[in-house]
Amino acid sequence: MGNGSNFFQNLISSLFGSNDPEALKKKQLKNIAKDLSKSKYHFYKYNGNLVDPSFAKFFYDIYKAIAPAQVLFQNANTNTFKNVVIRYMMDEKSTQLLDELDENVIKQQASTMSIKELQHKVRLDLDSFLAQFDSAKIRQGDDIFNKLILFDSFCKFDFYYMLKKFDGLIKERNFDLTPHFNAVSGAYLSEDIKNFIAVAWALPFEGPWDDLFKLLKKMNSVEPVPLNVWKRILARLKPVRDHRIFEMMVRLITEKPDYRENIRIEEYHIMEEFLGEIKRQVEHILEGIKEQVTTGKIDTLLPLVFSGPVGELANYNEENSEPFRKKGFRGFLYCDPLRYLYQFLNDYTKKDLREFADIILVRGEWAVQQKAGPMSEAYHKLLSISDTLSEFDEKMAESGEYGLKLKTHLPRSDRDKEAANIIKMILGDANDEAGEIILEASQNYVIFGRHLKLCIEDFAKAPRSELILNWKDLDKFAEGNLKQKSVAVYKKLFNFVQLMQNFQVSVNERSSSRRL
């Protein structure tokens, strides 16, 4: 009774199918084996799970053809290929322009021209260089590089390791002896086939390869693989790929009928990266030269403005700025110009300049009193700016308006986005306020200096002066020659304004362009 029941169950299963997963998988594998046997590629025997020697012969022919390229690419890497392709895409003119953008050349030019002239020339050279690469040339360079990467990966596939499984006596890249290939169990080859699929099916079979092989010939004087041979290799591989021969083999060997190849192709855009990097390098070089020049100017001006060392502000200083920079914030932007201004206001403006202003503005007999107004107003604004600067620095103290908020929010800025945004806002406000103080002070020193220059010119006209009528009387208050003192004051103000102009100070994208 039991045997009869099994017979009818098997009969029904054979007629109407079965829900048994193993049975379904076996049926799928048999269908794959049937499809594979119908192809002209008899690389695999399903019944014995053997890979045929004809499979090895197929790969041996490819290996023999690409072996010279394997030697060529042994020590090559992605950066090597980038440099080779980029150089290949550059003609004589672009090469000359690139040489002009070399750091040593630019630094040499910096010794013979001003920073503005240098920037103008170098940026013209940069624009001319970039103009050599239109969109078509950029696409061409990227296409050659992407093909080179894929060709390199294909050539570096370990054909020898796989073929040695068919003939243990085969020697690497030695083709003097004819190999004797034997059938090999599919279990030893499934991973090799998968790896080959990954590199081979990524190749653009339909695309032109002429540009790449011109490059390879230029690199080595001869083609490591003749272009016509490479095209024959692709022609042999294409039907294998199109009919999924290797995929069917992997499915049968691994008994995974659902296996699908995973071809990942990374697209590189080396030309845009190269051009962008050249732009960044040139700007970095110019910035470095400008910084050196600026530092040199500052070092020259400091002893002309100050008789001794310049101290730091109590709170708005580099030391207090560092904790913010360490956490990725911009910190305090104007520490140096603000401390220079603070010292100049307190050591010179409130002392020497005050005495001089008293002589010119108070004791001076102006022909038209209103003409003294701008100079007097500028001086009194400078005195009030001194107080403003001190109040600002107090705001930056730990108990101050800005400092307290910064101290409160900084510890949790790493994990709290709102705290980080508050710090950015406060630092922005503080730096803007510092910038406003610097700009306002500089503008008022400029105004005072311009009118002082007019006074000096007027002094030379005495006794027919037009601005101040009592120059001779004022001499006795100057403790010496008033004209010499006026010139000394003007030079001091001029040097200080020059010092301030070496710092890029902006407030809400506004900057001062006034000059003495």
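Which residues does Phe 154 touch, not counting residues up to four places away in sequence? Its partners are Ile 62, Ile 66, Phe 159, Phe 196, Val 199, Ala 200, Leu 203, Trp 230, Ile 233 and Leu 237, where a contact means heavy atoms within 4.5 Å. Bear in mind that this is a predicted model: local features need pLDDT of at least 70, side-chain atom pairs count only at pLDDT 80 or more, and totals for chains, interfaces and linings use all residues. Residues are numbered from 1 along each chain as its sequence is written, and side-chain values use heavy atoms, with hydrogens and water left out.

**Nonpolar cores**

- The largest nonpolar core has 91 residues, and Phe 151, Phe 154, Trp 230 and Phe 246 touch the most other members.
- Apart from that core lies another, of 72 residues, with Phe 306, Leu 338, Ile 359 and Ala 441 among them.
- A nonpolar core here is a set of buried Ala, Val, Leu, Ile, Met, Phe, Trp, Tyr and Cys residues joined through side-chain atoms within 4.5 Å.
- Buried means under 20% relative accessible area, exposed means over 50%, and partly exposed is in between (1.4 Å probe, protein chains only).

**Helix H12 and what follows**

- Helices (H or I, at least four residues) and strands (E, at least two) are DSSP runs, numbered from the N terminus.
- Helix H12 covers residues 227-242, and its 16 residues at 1.5 Å a residue should span 22 Å, which agrees with end C-alpha atoms 22 Å apart; the expected span is 1.5 Å times one less than the number of residues.
- Leu 227, Trp 230, Ile 233, Leu 234, Leu 237 and Val 240 are the buried residues listed for H12.
- The buried residues of H12 pack against helices H3 (53-72), H8 (135-155), H10 (190-200), H11 (210-220) and H13 (245-254).
- Just after H12 comes Arg 244, with a positive phi of about 55°.
- Arg 244 sits in the loop between H12 and H13, and counts as partly exposed because its relative accessibility is 37%.

**Helix pair H18 and H19**

- Helix H18 (residues 401-409) packs on helix H19 (residues 417-459) at an angle of about 155°, their axes 9 Å apart.
- Axes are lines fitted to C-alpha atoms, for helices over the stretch in contact, with angles running from 0 to 180 degrees between N-to-C directions.
- The crossing of H18 and H19 is left-handed, that is, the near helix is turned anticlockwise from the far one by less than a right angle (clockwise would be right-handed).
- On the H18 side, Tyr 402, Lys 405, Leu 406 and His 409 make the contacts; their H19 partners include Ile 422, Ile 426 and Glu 433.

**Single residues worth a click**

- Gln 343 belongs to helix H16 (residues 335-363) and counts as buried because its relative accessibility is 17%.
- Leaving out residues up to four places away in sequence, Gln 343 touches Phe 306, Pro 309, Val 310, Gly 311 and Tyr 348.
- Ala 187 lies in the loop between strand E3 (184-185) and H10, and at 56% relative accessibility it counts as exposed.
- Ala 187 and Lys 491 are 304 residues apart in sequence and 90 Å apart in space, C-alpha to C-alpha.
- Arg 173 is in the loop between helix H9 (159-163) and E3, with phi near 50°, a positive value in a residue other than glycine.
- Arg 173 counts as partly exposed, at 28% relative accessibility.
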